[in-house]
Amino acid sequence: MTPTKKELLHVALTAARKAAEFIRQESHKVHRVDFKGTSDLVTRVDRGSEQIILDQLERHFPDHGILTEESDGKAGESAYRWIVDPLDGTTNFVHRYPFYAVSIAVHFEDTPIVGVIADVYHRQTYWATEGGGAFRDGESMAVSRTRKLEHAILSTGFPYVHDEVWARNFDYLRVLKDKSQGVRRGGAAAIDLAFVSCGWLDGFWEFGLKPWDQAAGALMVQEAGGRVSRANGPEFSVFDPEIVATNGYLHEEILRAMKSVTAEAKVRKRK
């Protein structure tokens, strides 16, 4: 039996809220931390949150595929795939910095149809459905109306791997900070995208992302009236490692600024 978007959204909201409540209950405890690489922290809370979500999905949609950060997930037999980040902003959580979330998205084949983000600390839940708009705790969301980059506030993030892309993002940061009213760095892409969706940020960009970092938020921005693309302009996919998300009005100006930085970097490299 084919589930409706309403049914998918209900399960996603239930799973996200249960996982968020678990994370809140655990937030006052001392955590045993494992390390993936040098900086990518994983706690037992990530795994506990993921299990809560997986239990909900297995109960309601046992044949659906699942892609999740902390385990192998499963292929599934149906065309539906859930993309799950049980705790986006783990480093923030470990350091008690109140900017972390649960992110759950649903794709049908290659089409995003449901996205849910639960801001754990602030107890706010954001969601969107394909063609159904975007909401924060039941109130309709819309992107900002800022039309000039000089009036905008932006956000970005940095990947853990300190490579050429990581270094170039500092050039993007420098240029876009000079052109705007400021650039923030929250440390949880899901919340940044939710903030673009509700108009608190005018734009956000980041590189080195995984599908679970951006799947729910990308749909949310689009359903709130915004625009999402890669930095070099082509059609966006959550399986690309980069995202530029804006209110739409500023999108081309931000892309032009990024392209100028990239062109300058290529000239310096040739010299």
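In what order do the strands of the open sheet of 5 strands run? The order is β11-β10-β12-β14-β13, and the pairing is mixed. Two strands pair here if DSSP finds at least two bridges between them. Helices (H or I, at least four residues) and strands (E, at least two) are DSSP runs, numbered from the N terminus.

Ground rules, quickly. This is a predicted model, where local features need pLDDT of at least 70 and side-chain atom pairs count only at pLDDT 80 or more, while totals for chains, interfaces and linings use all residues. Residues are numbered from 1 along each chain as its sequence is written, and side-chain values use heavy atoms, with hydrogens and water left out.

Overall picture first. The protein chain has 7 helices and 14 strands. Its radius of gyration is 18 Å, close to the 18 Å that the globule rule gives for 271 residues, so the chain is as compact as a globular protein of that length. That radius is taken over C-alpha atoms, and the rule is 2.2 Å times the number of residues to the power 0.38. Along the principal axes, the C-alpha atoms fill a box of roughly 55 × 40 × 35 Å. Buried residues make up 54% of the 271. Buried means under 20% relative accessible area, exposed over 50%, partly exposed in between (1.4 Å probe, protein chains only). Now contacts, meaning heavy atoms within 4.5 Å. Of those with a separation of 6 or more, 62% join residues 24 or more positions apart.

Helix α4 (residues 164–179) lies across β10 (154–156), β11 and β12 (203–207), at about 160° to β12. Helix α6 (residues 211–223) lies across β13 and β14, at about 30° to β14. Axes are lines fitted to C-alpha atoms, for helices over the stretch in contact, and angles run from 0 to 180 degrees between N-to-C directions.

Next, V116. The residue is in strand β6 (residues 111–119). Buried or exposed? V116 is buried, at a relative accessible area of 0%. Setting aside neighbours within four places in sequence, V116 has contacts that include L9, A12, I104, W127, A216 and M220. Take A216: 100 residues from V116 along the chain, yet the two C-alpha atoms are separated by 5.8 Å.

Compare Q56, in helix α2. Q56 counts as buried too, at 7% relative accessibility.

β7 (residues 124–129) and β8 (residues 133–136) pair antiparallel over 4 bridges. W127 stands opposite F135 in β8. This hairpin has 3 residues between its strands, and G131 in the turn has a positive phi of about 75°. β8 then pairs antiparallel with β9 (residues 139–140), over 2 bridges. There, R136 stands opposite E139. This second hairpin has 2 residues between its strands, and D137 in the turn has a positive phi of about 50°.

Last topic: rings. Rings of Phe, Tyr and Trp (its six-membered ring) pair if their centres lie within 6.5 Å; planes under 30 degrees apart count as stacked, over 60 as edge-to-face, the rest as tilted. The count comes to 10 aromatic pairs. F61 and W82 are stacked: 5.8 Å centre to centre, 25° between the planes. F61 lies in the loop between α2 (44–60) and β3 (65–68), and W82 in strand β4 (residues 80–88), so the pair ties together parts 21 residues apart in sequence. Both F61 and W82 are buried.

Why is the Y80 and F108 pair called tilted? Because the ring centres are 4.8 Å apart and the planes are at 55°. Y80 lies in β4 and F108 in β5 (residues 101–108), so this pair ties together parts 28 residues apart in sequence. Y80 is buried at 9%; F108 is partly exposed at 31%.

F99, F195 and W200 form one aromatic cluster. Finally, R147 lies over the face of Y249, 4.0 Å from the ring centre. The criterion is NZ of Lys or CZ of Arg within 6 Å of the ring centre and within 35 degrees of the ring normal.
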